[in-house]
Amino acid sequence: MSTETKDQAAQAKQDLFAHAKAPINQKLTAEQKIKLYTDMVRIRKFEQAALQSYQKGKMGGFLHLYIGQEATAIGTISLTEENDHIITAYRDHGHALAVGMTMNECMAELFGKFTGCSKGKGGSMHYFAPEKRYWGGHGIVGGQTPLGLGIAYALKYRGLKGCCLCYLGDGAINQGAFHESLNLASLWSIPVIYIIENNRYSMGTSQARSSAYPEAGLASRAEGYNMEWDRIDGSNLYEIRAKVHVAMERARNESRPMILEIDTYRYYGHSIADANHKKYRTKEEIEDYQNNKDPISVYQQILVAEGVLDEDKIKDIDSAAKEEAKASVDFAENSPYPPAQELLTDVYWTTDNPGQHSNQGRMFFNDRLPWDDEYQA
Amino acid sequence: MAVITYRQAIKDALAEEIMRDENVFVMGEEVAQYNGAYKVTEGLWARFGDKRLVDAPISEAGFIGLGIGSAMMGLRPVIEMMFFSFVYVAWDQAVNNASSLRYMSGGKINVPLVIRGPANGGTNVGATHSHTPENLVANFPGLKVVCPATPADAKGLMKAAIRDNDPVFVMESTVLYGMEGEVPDDEDFIVPLGKADVKREGKDLTIVAHGRSVLMALEAAKELSEKHKIEVEVVDLRSIRPLDEETIIKSVKKTGRALLVEENKPYCGIGAQISHLIQRRCFDYLDAPVHRISAVDAPAFYSPPVEKVQLPEAPIIIREALDMLNVKR
């Protein structure tokens, strides 16, 4: 390690503890601190188990792993209250577990099983738990940004004091829908907080090659819309909580939108489709983050220094999370696939609720259905 | 029953539903203070204020997406497209989000949203503003599409759409806004989605149409009766999805002949779907091949006399009907 990087490391370390003094973090009990740590470890173990299962050919489609970004989901969602809502993009497993969805329902969804959170109809990119105020899980880059605006709009319409955390990746900031959302959010003072999880690459294209003026910070686009913005170190759970808490209080009390850019990193590719993610970034770059900025290691360090965690406890948490993830794989493995008839449910409320509503005319235009006897013969 | 315009009928539907349900609001470009580009919402802002009538900037993806997000939360937004051609700007929101969210969430999320506004050609505004996207929208399971042709249907279908728990596109016809007709005063008058209407009874030939084409069909039917003693039955689909297949089949079995009229372009048009239905369910009853009249398959023409030729007008319908019945013109 050069002197310069040593100095930087020392500086970073100092910052870690600085944010421990933020009121929102000072309020944390030892038990709560351990829970935050445990929840991050659970996300990582879940993702590792998912990756292994994918490699064994247990699931189809894409798999966008969250490993390396855990502090963002846990740090932000741990701050939510009863009128706060959450919506995210396709890298959604971390947020899903953070809101309290079970590993079982999440893993089963990846396996395409009927016990999955979306009955096997959504897959990796489309987890939903509206009862937990978690609105997904959206597959089109930036497509969820006006939905997050609409969720927050509904809060304001009903006079509820809350906000919507709308997550997006750094690639989404160049989508038109996002800019339309920013204009409307600021114009109408909607309590939506856009959280850019900046992991530096939009798929395989680095920021330098995809976004104009990246050195200003992606969140600085807020200025053009008269919105506040901030940049946060995504490896530091305390910093995330300290700064996001301020933004959320502002949104709740003043109904103003904000953009927060959380600098983070993903260890794997954009998805399983670019498993060979080393083509567009160096081994050194990845290792540097893993060794110096890993959000779980960083928080572990803090908690050990605070005397909250010790070696034994760390091992226990690790193995319990591993066990839970393994059990979710078994659960998914042993769950049934959805019956083919599920193709035609959940398309329309109307057809799922016959008799409760005027339900006339033909809704689906299949001449024959694959499960009809006629077709089988 | 009062005689009011198609425009007034839609306005009454909006006003009644705004009063009935506090979750209903109308959002779109120029809908509030400007009173609506086509004056459909005239006076509603003065009556109901900023919360229920919301002027949006020109950003369709933004405010259709906002509508979907708020509908997920249980509001019932009515989003106006100043022209339906602009829905393409927000196609991602309309089809990736509105049509799919219930499905991909395994039934956990509903989107009780209405997207409404003027569609169709006939107003000489060129290719970008004259689209008839009902066949495209109807292609997406999860979406419903209705096309009212009379003031009564406009009011009844609009109210049904607002009360519906699924996303509904209500495609009004620009050229019909000034048309007058009898409309029931009952505040709970609705026209159920998915129910076609026989607008004229006949025995010799069935014309299936929707939107403005219904009026062309009725005009043609009148002349065919008066000049040629041919009695045409006119079936107004009203609803494209869900589709009332039974009413079509019943009529074609009675008359033995089907002429399908639409302002859509022919390729992958609604007539193709109905034609398929008829060959499958009425083949033995047909006395002539199914005929179709659609818009001429080209982008919308600007020059007024040529656009008139491009769209299905009564004389073309009359000519086609006479051919089908082997009557000398």
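Author: Helices (H or I, at least four residues) and strands (E, at least two) are DSSP runs, numbered from the N terminus. By that rule Gly137(A) has its place in strand 2 (residues 134-137) of chain A, and a cis peptide bond with an omega of about 25° joins Gly136(A) and Gly137(A). This is a predicted model, in which local features need pLDDT of at least 70 and side-chain atom pairs count only at pLDDT 80 or more, while totals for chains, interfaces and linings use all residues. Residues are numbered from 1 along each chain as its sequence is written, chains are lettered from A and ligands numbered from 1 in the order in which they are written, and side-chain values use heavy atoms, with hydrogens and water left out.

Reader: Where does Pro242(B) lie, and what kind of peptide bond joins Arg241(B) and Pro242(B)?

Author: Pro242(B) lies in the loop between strand 12 (239-241) and helix 9 (245-255) of chain B, and the bond that joins Arg241(B) to Pro242(B) is cis, with omega about 0°. In another loop of chain B, between helix 8 (212-228) and strand 11 (232-236), is Lys229(B), which has a positive phi of about 60° although it is not a glycine.

Reader: Why are helix 4 of chain A and helix 10 of chain A called oblique to each other?

Author: Axes are lines fitted to C-alpha atoms, for helices over the stretch in contact, and angles run from 0 to 180 degrees between N-to-C directions. Angles under 35 degrees count as roughly parallel, over 145 as roughly antiparallel, 65 to 115 as roughly perpendicular and the rest as oblique. The axes of helix 4 (residues 70-77) and helix 10 (residues 237-254) of chain A come within 8 Å and cross at roughly 45°, and the two helices are therefore oblique to each other.

Reader: Which residues of helix 4 of chain A meet helix 10 of chain A?

Author: Contact means heavy atoms within 4.5 Å. From helix 4 of chain A, Ala71(A), Thr72(A), Ile74(A), Gly75(A) and Thr76(A) meet Leu237(A), Ile240(A), Arg241(A), Val244(A) and Met248(A) of helix 10 of chain A. These residues divide into six nonpolar, three polar and one charged, where Ala, Val, Leu, Ile, Met, Phe, Trp, Tyr, Cys and Pro count as nonpolar, Asp, Glu, Lys and Arg as charged, and the others, Gly among them, as polar.

Reader: How do you know that helix 8 of chain A and helix 3 of chain B are roughly perpendicular to each other?

Author: Helix 8 (residues 176-187) of chain A and helix 3 (residues 60-72) of chain B pack at an angle of about 75°, with their axes 8 Å apart, and they are therefore roughly perpendicular to each other. Their contact is made by Ala177(A), Glu180(A) and Leu184(A) on helix 8 of chain A, and by Glu60(B), Ala61(B), Gly62(B) and Phe63(B) on helix 3 of chain B. By class, four of these residues are nonpolar, one is polar and two are charged.
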